[in-house]
Amino acid sequence: MTVTAFRPRPQPDEVARVTSTAAELLEVLWGRASTAPASASQLRVLLILEHHDGINLRTLADSLASTPPSTSRLCDRLQAAGFVERVVSPADRREVRLHLSGRGRAFLADLRARREQELQAVLALMPAAKRSALLEGLEAFCDAAALRIHEADAAPDSRTA
C-alpha cells in the first residue's frame, strides 16, 4: 500500500484568488505585446464589433456601460485609424451600423499572434503534465463562464425605471 499526498479539494475562494493573480500576470505578459495604436477602451470596441458585427452605436454604448457621445468619440478615433467603418442602416437611415474593417481584423489577428507568442514562452517553461492539467481546467472554466454569461443574458432585466 502506498501513501499518496492528500490535498483537500480547493475552495472557490482559493481558486478565485489564484485565478485573479494569473489574470494580473496575463495582463503583464499581454502588455509586452502592446495594443498600440489602440487604447484599452478602443480594443474593447474592436472585440465587441468582431463578435457583434453591424451593431448600432446605442447597443455598443450599452455593451461598454458608456454614453453614446463617449462611444461615438471612441468610434471616431477608430474610424480615423481605419479600424472601424460606419454604414447607414438600410432599414432606418437615422441609424448607423458599426463594422470592423479589414484593417481592424488584421490588427486583432496580429495582436492575438503576439499575445500567443508571450503565452507560449511561459507555457514552454511548464512541465507537460501541468500544461495538460491547465488546459483541462481552463476548458472547464470557459464552459462555466460561458454558461454564467448566457444565464445572465437570458435573465429578465432587474433594473427599474
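**Pockets and selected residues in a predicted model**

Reader: How much space lies in the largest pocket?
Author: The largest pocket holds about 1,300 Å³ of space. A pocket here is an open set of points on a 1 Å grid over the protein atoms alone, where a 1.4 Å probe fits, with protein on both sides within 12 Å along at least five of seven lines. Grid points are joined across faces, edges and corners, and the volume is the space filled by probe spheres set on the points.

Reader: Which residues are closest to its centre?
Author: A22, L26, L119, L134 and L138 are the closest to the centre, out of 27 residues that line the largest pocket. A lining residue has an atom within 4 Å of a point.

Reader: Which helix gives the most to the lining of the largest pocket?
Author: Helix α1 gives the most, with ten residues. At least two residues each come from α1, α2 (40-51), α5 (102-123) and α6 (128-154). Helices are DSSP runs of H or I with at least four residues, numbered from the N terminus.

Reader: How do the lining residues of the largest pocket divide?
Author: They divide into 20 nonpolar, two polar and five charged. Ala, Val, Leu, Ile, Met, Phe, Trp, Tyr, Cys and Pro count as nonpolar, Asp, Glu, Lys and Arg as charged, and the others, Gly among them, as polar.

Reader: Which residues line the second largest pocket?
Author: F141, C142, A145 and I149 line the second largest pocket, whose volume is about 220 Å³. Its lining has four nonpolar residues, with no polar and no charged ones.

Reader: Is C142 buried or partly exposed?
Author: C142 counts as partly exposed, at 46% relative accessibility. Buried means under 20% relative accessible area, exposed over 50%, and partly exposed in between (1.4 Å probe, protein chains only). C75, at 0%, counts as buried.

Reader: How many disulfides are there?
Author: A search of the whole structure finds zero disulfides, a disulfide being a pair of cysteine sulfur atoms within 2.5 Å.

Reader: What does T71 touch?
Author: Leaving aside residues up to four places away in sequence, T71 touches L57, L60, A61, L64 and S66, with contact meaning heavy atoms within 4.5 Å. T71 is found in helix α4 (residues 68-80).

Definitions and conventions
Residues are numbered from 1 along each chain as its sequence is written. This is a predicted model: local features need pLDDT of at least 70, side-chain atom pairs count only at pLDDT 80 or more; totals for chains, interfaces and linings use all residues. Side-chain values use heavy atoms; hydrogens and water are left out.
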